[in-house]
Number of protein chains: 4
Amino acid sequence: MTSIEKEQTYCLVTSCADRVGIVAAVTKFVAERNGSLIESNHHTNHDSGWFFMRNVIDAETLEMSIDELREQFLPLAEQYDMEWYIRDSRQMQKVVIFVSHASHCLADLLYRWHSDELNCEIPCVISNHENLRSSVEWYGIPFHYVEVTKQNKPQAFAKMTEIVSGYDAETLVLARYMQIVPPDLCDKFRGHLINIHHSFLPSFVGANPYQKAYERGVKLIGATSHYVTDELDEGPIIEQDVIRVSHSCNKEDLVRLGKDVERSVLSRALRYHLEDRVIVHGNKTVVFN
Amino acid sequence: MTSIEKEQTYCLVTSCADRVGIVAAVTKFVAERNGSLIESNHHTNHDSGWFFMRNVIDAETLEMSIDELREQFLPLAEQYDMEWYIRDSRQMQKVVIFVSHASHCLADLLYRWHSDELNCEIPCVISNHENLRSSVEWYGIPFHYVEVTKQNKPQAFAKMTEIVSGYDAETLVLARYMQIVPPDLCDKFRGHLINIHHSFLPSFVGANPYQKAYERGVKLIGATSHYVTDELDEGPIIEQDVIRVSHSCNKEDLVRLGKDVERSVLSRALRYHLEDRVIVHGNKTVVFN
Amino acid sequence: MTSIEKEQTYCLVTSCADRVGIVAAVTKFVAERNGSLIESNHHTNHDSGWFFMRNVIDAETLEMSIDELREQFLPLAEQYDMEWYIRDSRQMQKVVIFVSHASHCLADLLYRWHSDELNCEIPCVISNHENLRSSVEWYGIPFHYVEVTKQNKPQAFAKMTEIVSGYDAETLVLARYMQIVPPDLCDKFRGHLINIHHSFLPSFVGANPYQKAYERGVKLIGATSHYVTDELDEGPIIEQDVIRVSHSCNKEDLVRLGKDVERSVLSRALRYHLEDRVIVHGNKTVVFN
Amino acid sequence: MTSIEKEQTYCLVTSCADRVGIVAAVTKFVAERNGSLIESNHHTNHDSGWFFMRNVIDAETLEMSIDELREQFLPLAEQYDMEWYIRDSRQMQKVVIFVSHASHCLADLLYRWHSDELNCEIPCVISNHENLRSSVEWYGIPFHYVEVTKQNKPQAFAKMTEIVSGYDAETLVLARYMQIVPPDLCDKFRGHLINIHHSFLPSFVGANPYQKAYERGVKLIGATSHYVTDELDEGPIIEQDVIRVSHSCNKEDLVRLGKDVERSVLSRALRYHLEDRVIVHGNKTVVFN
């Protein structure tokens, strides 16, 4: 795990069917171009026979542009039938945050972004409430209020999609946005739409997980960050964590304690995503952290 | 949390509807008899309006037998309509352990019992396999093999119930005993039949939780110790814990890592139970630890 | 553990030499005045023979002012030679935060305070840097810049003490304030001056703990919140926590990961302090959480 | 992390000064021999400029003996000036366990070894007490009693060294062996002599760490497994962990809770060591887990 590099790096992420020689082929490709590896991870899932790799290359040591690098990598990628991409660390992802009334996840993400812990741009925040406007605008980030009612849901999401497109956003984060996102938006941002659910999934899917946890009498409560898919709370899990509770906690205590877990889980998940540490494989993730 | 007292203590455990003055009444009762409190906990659940209390009294400071103490406590108990009991720490509970093929929970319990971490007698171990006989008998504990097949289940459980009754056992522990216990045994040992389930309940109820956890791609796996009721894996939870896993863990890794969680959760739950730290309330527990 | 009560409560905190009947005496005192206990904890340290108790009483159920309550409690307190106080939950402590350049602990405390997680007033923040002014003033809290140099240290601390006195502050928090506080201020705020040290004490006392942790190759890093005394990093510990690190973490990673531990440890410690959950005993603490 | 492979594997572990192309060179070497990588990790410490790599190769996919493999690897190793070794997973390390009176770490190691969690032979256990003989012999492992007194220490250690040599042991484990090992034995088994210290080092070096922890009032206690060097408790740390304690724990509680941490930390450390996951670098370790 390496903190955000301020130097320019190229991150090469690839996955394909496993074969003998694949690590050698990719690392040889980099070495022949004199690329210095800052961080490099790979993993083979022996059940599925699938291979995953992430290489962070010091851009200065390569004597070529990222486009040239991509062009030169193409034959190798085709040979192994890879899914792949190369990202320039200086081309930060644009991340739009959706939020409702609760501030804890949003406040945490904005603070970390401001402290350079999250290598992204946040072109705007979208909310169906007005209460968090000033805390967003303090950071110089535009705040868009889009009312959502039972009646206007399709129009509201059409408007939000328009806003998101206007900013050319690559990733959406649902920072306790209490509305179900329509399937077309899920599809459009497949693998780029991150949610935080306030339970240790698959326990307590859906609404009111703290109430359900309280009623069940669990001794730990948790939070789960996952990519959103059409099925509610069923997408690939990126990160989870828990905190101990006891009989002496009432429901309000669970909510209060859970907030800390939610915000740390979401911020870790987003950081992994932004640093290209997460590769989705079926309904699961490989996370090189 | 105090380790097993070697001195003799009386543990007074009580619960009732909450009222002003109840702590005062109980502690005054003890103080008037010159009883020195070694440990004392109480809790009120403000949702249900129910009060819970556990007092560990130095037996030497009381100038009476436990029976006299019980007799003298009776009027107070009736006044407040309490559920209550007083246990002498030297009258250890008899705990029968049920086990199948897997040894890890059994081995841990026997080791801790042998090391005086568990204040109980273990009059025997019952198993539907023979493989753990010698490791049980090494401790000088009788090992009973009772075969269980699809055909003989009622007879097998009748036989086991007979064995348990013969030892006058108060508590049963299912230390990864892979058979569903019949309802009449559940009823007979209500609040005294402890199971370890190899998942973080309510996730992955029923069979093969590690397989399910692997397929879901969770980032933590867990274990849950609970009192057994008629409903599978739905009884009051005593203790839970989790351990972090990653994409690099295959199913066998989950099993291996999970074993450590199972055994520590079960041994903690049993210790809490034996030290009279657990009070069942509806389908939940108060655990004074 | 109960979240901050919005209803008015009186918190009675007491400690004294242990004696038979002390719990009965205190709870009887409360019950005779019809006081309803919302939360009640007590503990006896059998090594030192010292008794500690915290009672949270629903103020509405008592038909008297807090001053009358104090007056009526006095004879009992004298009888048992108690140290004691009674606090009204509506009379919030005034907490002045000292901060240097690093923002993470301050930002966390201000956010939690704003979210009603910390039951206090924050009359001002004092810093020897200007960089955090706007983030403090956004909350409507005055920000005082007091320059500290090698030459002006006594004068600077005199000025800060004056500011603190002007606000009638009861508690000081050093939220990564990188100056050693002079002994007279330590004495004046004995038991009310809270520091966060960025290591798992007693490891890595003094400056640059992350550097030292990196050099020693520890596998967990931590943070410690403690009351400040004359001896550097030797005061009574209120709360500690750790996070796992590995060989792949460089020093910057330790700093980044540690920040999360620091802020959660400090905010928990301050919450315990504000809710009167902490009793100092010698160089240790009893924390009823 | 992969559990112990029952199939035959060769584990190639290497470290050297970092250079461009080194991952490519090693993985190409393996791939050219048709070796299938089961697990592969590498790491560069950018501060020291040092490179570390561990490759687990399916032995069946290589059409050569381990000696041929070593011979063929030699030129590459020399080219990069590597420290390296290749181990056959079927050539299990011989591990001699030293123990005093306390059984918890020993019992845990023997149980795990018996359960195939530790890929080693245990040719014997050596103790300066007799009390654990029968629990060792139950596993069919020879138990050697070697008395150690103030007077006979050199002779006693000479005798123990002789026993160890007689078994051709590669690794020694001090499973709460309460004697300081003489420097020549430390040197002889440098990087192969593993200790468990019952504190979170560097806190509480030396004797009676639980007593010291109790006196300091820490809120977490821990354990540390490390390679032994001449300097007491200063060797490279392999693994650490902690557990939460509170004011209600007396010293005996710390001891009891700590035992669980000690045994899990030691068993993890030994497993990492046996699976060639640990590389010592200066006074620190790289642990590929």
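**View 1. Symmetry relation of chains B and C in the predicted model.** Within chain B, B:Ala24 has the C-alpha nearest the axis, at 2.4 Å from it. Of the interface residues of chain B, 100% are also interface residues in chain C, so the copies meet through the same surface.

**View 2. Contact of chain B with chain A.** Chain B and chain A each contribute 25 residues to the contact. On the side of chain B that touches chain A, strand S12 (237-244) and strand S14 (284-287) of chain B are the elements that give two or more residues. The residues on this side of chain B comprise nine nonpolar, eleven polar and five charged.

**View 3. Four-stranded open sheet of chain B.** The strands follow the order S2-S3-S1-S4 (chain B), with antiparallel pairing. Strand S2 (36-45) and strand S4 (83-88) of chain B are at the edges and have a single partner strand each, so one side of each is left without a neighbour in the sheet. On average, neighbouring strands of this sheet are turned by 10 degrees against each other, direction ignored.

**View 4. Strand pairing and helix packing in chain B.** Nine bridges join S2(B) to strand S3 (residues 50-58) of chain B in the antiparallel sense. B:His43 has B:Phe52 in S3(B) as its bridge partner. Helix H1 (residues 22-32) of chain B packs on the sheet, where it touches strand S1 (9-17), S2 and S3 of chain B; the direction of H1 makes about 20 degrees with that of S3(B). Helix H2 (residues 66-79) of chain B also packs on the sheet, touching S1 and S4 of chain B, and its direction makes about 165 degrees with that of S4(B).

Definitions and conventions
Residues numbered from 1 in each chain as written. Chains lettered and ligands numbered in written order. Predicted model: local features only at pLDDT ≥ 70, side-chain atom pairs only at ≥ 80, totals over all residues. Least-squares fit on C-alpha atoms with pLDDT ≥ 70 in both. Contact = placed C-beta atoms within 7 Å. Nonpolar A, V, L, I, M, F, W, Y, C, P; charged D, E, K, R; others polar. Pairing = 2+ DSSP bridges. Axes fitted to C-alpha atoms, helices over the stretch in contact; angles between N-to-C directions.
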